[in-house]
Amino acid sequence: MNADPLELQKFSELAHRWWDPTSEFRPLHEINPLRLEWINARAPLAGKNVIDIGCGGGILSESMARKGATVTGIDLGEKALKVADLHSLESGVQVRYKLIAAEDMAAQEAGQYDVVTCMEMLEHVPDPSAIVRACAALVKPGGQVFFSTLNRNPKAYLFAVIGAEYLLRLLPKGTHDYEKFITPSELSQYIRSAGLEVQGFKGMGYNPLTKIYSLNDDTSVNYLVAARRPL
Ligand code: SAH
């Protein structure tokens, strides 16, 4: 199984606070409108069949459903999925959540999705290239796949680990393991080997003074990438 039990446990322990915007998940709440609009601009979500890989408590999944997409969210964290289900009941925004590995989902529902999203997840799995391949299998020809992760270089270590976990305490210590960060060229390689085309990169920045996140062209720390399955 392409999953690290310690990684899953880390998220499980915090899962009951997933929808508390002041909790450890605050950064996900704050970046969500940015990534949602970025995705929606590239792949208008209304009416689309979407799958969110590593959906956790469903922050992105629900927001895509609110845009009119039919959304499936999958994860291997049982607690997070329970929280996601409860929140969807409460909000009345329907999402189909499933406890299943991306690779198994790809075997069951290959080629069924217009859009595949996999955000802030690849840096938590033992073999990210296998997840990218599963995403490529899930998307329809002509459909789009969106990833986000953390770059691996000294600046990313300083900002994403030392800055975010130790100085600014935006995230609990130990949230991210530097060795598992992925450079844009590595991710491009995984994407192309999976038979997808890279369409573009976007950087995500955080200003500690204003406490505001923004999208920009600096992919040196947190970044997103858009890919497409050729027709
Ligand atoms: N994608 C969501 C959550 C990111 S947190 C968002 O951006 O809002 C990372 C998530 O990845 C957690 O929910 C964790 O349970 C999940 N995860 C970690 N390893 C996984 C694996 N091997 N398979 C599926 N999900 C995994």
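Figure 1. Glutamate 30 counts as partly exposed because its relative accessibility is 30%; buried means under 20% relative accessible area, exposed over 50%, and partly exposed in between, with a 1.4 Å probe and protein chains only. Arginine 26, at 38% relative accessibility, also counts as partly exposed. The two side chains meet in a salt bridge, N to O, at 3.1 Å. A salt bridge here is a side-chain nitrogen of Lys or Arg within 4 Å of a carboxyl oxygen of Asp or Glu. Both residues lie in helix 2, four residues apart, or about one turn of the helix. Helices (H or I, at least four residues) and strands (E, at least two) are DSSP runs, numbered from the N terminus. This is a predicted model, in which local features need pLDDT of at least 70, side-chain atom pairs count only at pLDDT 80 or more, and totals for chains, interfaces and linings use all residues. Residues are numbered from 1 along each chain as its sequence is written, and side-chain values use heavy atoms, leaving out hydrogens and water.

**Figure 2. The second largest pocket.** Its volume is about 160 Å³. The lining consists of Thr22, Ser23, Arg26, Pro27, Glu30, Leu168, Arg169, Leu170, Tyr206, Lys211 and Tyr213. Helix 2 (residues 26-42) gives the most to this lining, with three residues. By class, the lining has five nonpolar, two polar and four charged residues. Ala, Val, Leu, Ile, Met, Phe, Trp, Tyr, Cys and Pro count as nonpolar; Asp, Glu, Lys and Arg as charged; the others, Gly among them, as polar. A pocket is an open set of points on a 1 Å grid over the protein atoms alone, where a 1.4 Å probe fits, with protein on both sides within 12 Å along at least five of seven lines; lining residues have an atom within 4 Å of a point. Grid points are joined across faces, edges and corners, and the volume is the space filled by probe spheres set on them.

**Figure 3. A salt bridge between lysine 155 and aspartate 218.** The side chains meet at 3.1 Å, N to O. This pair links distant parts of the chain, 63 residues apart: lysine 155 is in helix 7, and aspartate 218 is in the loop between strand 7 (212-216) and strand 8 (222-228). Lysine 155 has a relative accessible area of 33%, so it is partly exposed. Aspartate 218 is partly exposed too, at 36%.

**Figure 4. A salt-bridge network at aspartate 4.** Salt bridges that share partners join Asp4, Glu7, Lys10 and Lys180 into one network. Within it, the side chains of aspartate 4 and lysine 180 meet at 3.3 Å, N to O. Aspartate 4 is in the segment before helix 1 (5-14), and lysine 180 is in the loop between helix 7 (154-167) and helix 8 (184-193), 176 residues apart. The whole structure has 13 salt bridges.

**Figure 5. Serine 63 in helix 3.** This helix spans residues 59-66. Serine 63 counts as buried because its relative accessibility is 11%. Its side chain reaches the backbone oxygen of leucine 60 at 2.8 Å. Beyond its neighbours within four places in sequence, serine 63 is in contact (heavy atoms within 4.5 Å) with Asn32 and Leu36.

**Figure 6. Cysteine 135 in helix 6.** The helix covers residues 128-138. At 0% relative accessibility, cysteine 135 counts as buried. Leaving aside neighbours within four places in sequence, cysteine 135 is in contact with Ile53, Val116, Cys118, Val145 and Phe147. Cysteine 135 and phenylalanine 147 are twelve residues apart in sequence and 9.6 Å apart in space, C-alpha to C-alpha.

Conventions:
A polar contact is a pair of N or O atoms within 3.5 Å; within protein, one must be able to donate a hydrogen and the other to accept it, and residues adjacent in sequence count only if both atoms are side-chain atoms.
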